[in-house]
Structures are given as structure tokens and as C-alpha cells.
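Please look over the model shown below. The report after it covers the domain layout, a sheet with its helices, a helix pair and some backbone details.

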Amino acid sequence: RLLIIDFGSQVTQLIARRLRELNVYCEIHPYQNVTDAFLAEFAPKAVIFSGGPDSVTREGSPRPPKSVYDLGVPILGICYGQQVMTHDLGGRIEAGESHTAEFGRAYVEPTAVKSDFLNGWFNEGREQVWMSHGDHVAEIAPGFEVYGTSPGAPFAITADLSRRFYAVQFHPEVHHTPNGAALYKNFIELAGFTGDWTMGAYREEMIQKIRAQVGDKQVICGLSGGVDSSVTAILLHEAIGDQLTCVFVDHGLLRMNEAEEVVAMFRDNYNIKLIHAAESDLFIGALEGVSDPEVKRKTIGKLFIDVFQKHADTIEGAEFLAQGTLYPDVIESVSFSGGPSVTIKSHHNVGGLPEKMGLKLVEPLRELFKDEVRALGRELGLPASFIGRHPFPGPGLAIRCPGEITREKLEILRKADAVYIDQIRKHGLYDEIWQAFVAILPVRTVGVMGDGRTYDYACALRAVTSVDGMTADYYPFTHEFLGETATRIINEVKGINRCTYDITSKPPGTIEWE
Ligand code: XMP
């Protein structure tokens, strides 16, 4: 196995991800935990030093234990990792000044020397890389040579081939270094990995880890029916069986048949202990007269926690709360850039709940990205149709019903949404779309059906493509598709007599209407 020593870079997990893509098992450990004893026990086959925000020229800045250089295994240093390695082995680092700092795209050129570490590199001359450094190497360490250089980083790639120590100033793990994966591939080949690790192996490791963490204690898991919480629940169930109880808070703001499907799947198919907290009266009652989007979100968020807690309190001896936190959630919450950013929408989650309830967290997906969670879900036998489902927001249909929420509007919305999604599936478009839904508008408009006048709600169809939900484009349906869908919705859903298609991208719009 490979050890990544984390010096605090925001993209350390991307290194792990690149390695998993190469079917190599790795673990990330913060530098503070990596002691001589740790290294001896871990016995890594190779080590990677991550980047980090500190400066090696600062007294007391992070370092690996010196014994790492005596393990006789290959080491790859990235950015801060390169500087640490250079410094520790006798080179010199200069603190950053504005004219030597480099952030963003740069181009690295080869030098006269060659190495297997650079197989597949420089085929077309220079390589585009992503730099993000203040300090830089001023003098390389004895035994090292320079294999790549850029205007801002004359020592962009350095290596001591005899000891198999490699170091780069840029970040090969990010997308802005398009050929970066090749360097990881070369590194792991030089380290003798065969690339036989799989998602199946991850599943087994996580099961062992969960058992070790939880022991014979009880665990509660909030199940929403989304992919992340579902995969978490199934993984935990495999690990600890009946020590797991899931709580499914049904706020009455779900899509057509959704609650029944979630209960059937987890209780009947998987035999997971499940509390179905059917509380639509409570939620819809509290939302009466509320039309401000933030008040809606906060009301739902607070009630959600109350209901969850009420049911969790009935589970005797519960010591752990399982959550489907993914790696992008972790980065967002620890981001160094921090800074006061504006709240666009208060996202609904159970943050703060574990402390309040005195529960410890189990987060088996903490290291994974969304597509990896889907792969794990497939590994666990979740149906493909379930894994590929579009995201659905925690506050549910409440934020697709601008203005005041009523049971009548929710019922109309559910029906219209079901027809729309059926249309999308029938035309084979579901998997091309990131998210599609109907919003019911708070206006009635006049229409004519048969010989009569109608005065019913208008609705808006939304469908977007996106990679991460942060930005989005509207989906370019054909006019035939839109026309046919509008006709079906108006014919099949009583209460709607007008359909519009939302062609706003994000930004400036958001995906949801509230
Ligand atoms: P917006 O509307 O902000 O949404 O463009 C981006 C993505 O996030 C989803 N979304 C939420 N997900 N809790 C969630 O779990 C929420 O409160 C929430 N609000 C929006 C939205 O569906 C889209 O995929």
C-alpha cells in the first residue's frame, strides 16, 4: 500500500483519487500522525508528500520524520512536498516574493536528461501544468538532477533516480495538468505496484473499518433515499447487520410514490431496520402561510432535526450516527480559502446534529467522489436505475413550489413531475440530464379546453446539464419533445393548463427555483 502524507493541500484527495483510478490502494494520513513508529508499522511500498499552504522556510513548519528517507522506497514530493524533500536532503528553498510566486497555468519544458518517471511526457515538446506556489526551490539537493523546467520554476521536475526520489513543483493531480495521470502511473510502476485494487476491495476494507470503529454498539443512519445515504446504509448493514437502524424522515414533500419505494427497498429487499417517520402533517402545517424561500428552508431544516432526534432517542444504546458525507463536502467545510461568502441558499443537512446528540460519526464515504460512490453502489448490488437517479434537494418539493405551499399544489406538482420524468425516460434522455423537474408557479392563467374556459396553475419545466451542480446549462430539448410533453401534462394533470420551459443557465439562475 501507498502512504500519502498530507501537509494540508486542498487537493490531497485528488491524489488519492488518481491512484484509485490506477487501481492502487493508498491511505492519506496527516503529517502530525506520521511518526517513526507509524512508518515502521505502516511499512509503505511508496510514499507521496502532498502540497500544503505553509513555507518550509518558516521555523516549525510541517515535516515528515527523517526516517522516511531511509525506508528504501520511492517517494514523490508535490509542491510543498518537493520543497520539504529538497530542504531535508540538503537543497535550498527561497521564500516567495510576489515576482517569483506562480499561480495558474504554466508550461514545463524537458531538459537534456531522461527518466522513466517521464514516460509519456514531452512527446509534443512542452507540457501544460498547474502551478500554485509562493516559495520555490533555489538549489537542488545533492544527488538530484533537473528533468523539467518552467519560466517561474526552473526546478519544476527534479529527481534522484538512484534513490527513486521524484519531485514536482506543480500539481499533477488536478485537471489543469492534463497529462498529470501519466506521472502517477510511472511513479507507481517504478514502485512495483501491479494495480490490482478494486472497488470490491474498498468495500471489504470499509466493512472491516466500520466493524473496528463501531464494535458492538448501535448505529443510527438518516436515510433520504438518495444515492449517498443509501450506499452508506447498505454498507453499514453489511458490516454490522441489526446494530444499524435507519430513520427515514418523510416530510410529505417527496415525489410520487417515493416514500413507498424507499421503505420497500430498504425494509423489504435489504431487510434493514427502518423507522418510517411519516410526518407530513407536521411539516406542511408549519409551512402554512410561508412563502419566503429561506424561511421555508430553515423551517424544514429545523423540523427535520427535531423529528430525527425524536426517533433516534428511541434507539437504545445508540452511540454512532452514520452519514453519507462525500469528499467534496469535506473540502467545502475545511477549505482554507474560507472567507466570508454570501449564503445563496441555506442547504439542508443534519450538520451539528452529532454534537447535539452526543453521537460519534461513521462516515464511510468520506474519501470518495460521487462517481466512486455510484461505483460502490453498483458493487453493493443497488439497481442501476436507482444509482443513476437525478439529485433531489433535502427540502424537496417545497422549493419547487414558489409562494405558499398547499396540499393541493403539491398533489398537482407530483403528478406533473411524474409525467415529465416519464417523457424524459421514454425518449431515452434521462441519463443525459443532470436534473429535471417541474415547478408549479404561484399564478393561475386562463385557458380553453373543449368548449370551456379554464383558470388553472401554470408550471415550468426545468432540465439542466451539469458536472457538479455548481454551474449548469439548460437542456436543449427538441420542440417536438417540448410540445408533446406540454400536451401530455395539460391533458393528464388536472389543475394545470399552461406549461413553460425554463431556459436559464446557472449562473445567473440557480437550478432549483428557490
Ligand atoms: P441550486 O438550486 O443551488 O442547486 O443551483 C444545486 C444543486 O443542489 C441541490 N440542492 C440541494 N441539495 N439540500 C440538498 O441536499 C438542499 O437544501 C438543496 N438545495 C439545492 C439542487 O437540487 C441541485 O442539484
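The sections below take these topics in turn.

## Model and domains

The structure is a predicted model. The domain assignment divides the chain into domain 1 (2-190), domain 2 (199-387) and domain 3 (406-501). Between the C-alpha centres of domain 1 and domain 2 the distance is 37 Å.

## The nine-stranded sheet

An open sheet is built from 9 strands in the order β2-β1-β3-β4-β11-β10-β9-β6-β7, and its pairing is mixed. The edge positions are taken by β2 (26-30) and β7 (127-133); each has a single partner strand, so one side of each has no neighbour in the sheet. From one strand to the next, the twist averages 25°.

Within this order, β9 (residues 145-149) and β10 (residues 157-160) are antiparallel partners, paired over 3 bridges. Glu145 is placed opposite Ala159 of β10. In general, the strands of a sheet pair through backbone hydrogen bonds, in either a parallel or an antiparallel sense.

## Helices across the sheet

Helix α1 (residues 12-21) lies across β1 (2-6), β2 and β3 (46-49), and its direction is at about 165° to β1. Helix α3 (residues 80-88) lies across β3, β4 (75-78), β10 and β11 (165-168). The angle between α3 and β4 is about 120°.

## The α6 and α12 pair

Helices α6 (residues 227-240) and α12 (residues 370-379) pack with their axes 10 Å apart and at an angle of about 45°. The pair therefore counts as oblique, since angles from 65 to 115 degrees are roughly perpendicular and those under 35 degrees roughly parallel. The crossing of α6 and α12 is left-handed.

On the α6 side the contact is made by Val227, Asp228 and Val231, and on the α12 side by Val373, Arg374, Leu376 and Gly377. By class, the residues of this contact are 4 nonpolar, 1 polar and 2 charged.

## Backbone details

Most residues other than glycine have a negative phi, and most peptide bonds are trans. Phe122, which is not a glycine, has a positive phi of about 65°. Phe122 sits in the loop between β6 (102-110) and β7.

- Lys506 and Pro507 are joined by a cis peptide bond with omega of about -20°; Pro507 lies in the segment after β20 (496-501).
- Pro507 and Pro508 are linked by a cis peptide bond with omega near 10°; Pro508 is also in the segment after β20.

Conventions. Residues numbered from 1 in each chain as written. Predicted model: local features only at pLDDT ≥ 70, side-chain atom pairs only at ≥ 80, totals over all residues. Pairing = 2+ DSSP bridges. Helix = DSSP H or I, 4+ residues; strand = E, 2+ residues; numbered from the N terminus. Axes fitted to C-alpha atoms, helices over the stretch in contact; angles between N-to-C directions. Contact = placed C-beta atoms within 7 Å. Domains from an automatic or database assignment. Parallel < 35°, antiparallel > 145°, perpendicular 65-115°, else oblique. Left-handed = near helix turned anticlockwise from the far one by under 90°. Nonpolar A, V, L, I, M, F, W, Y, C, P; charged D, E, K, R; others polar.
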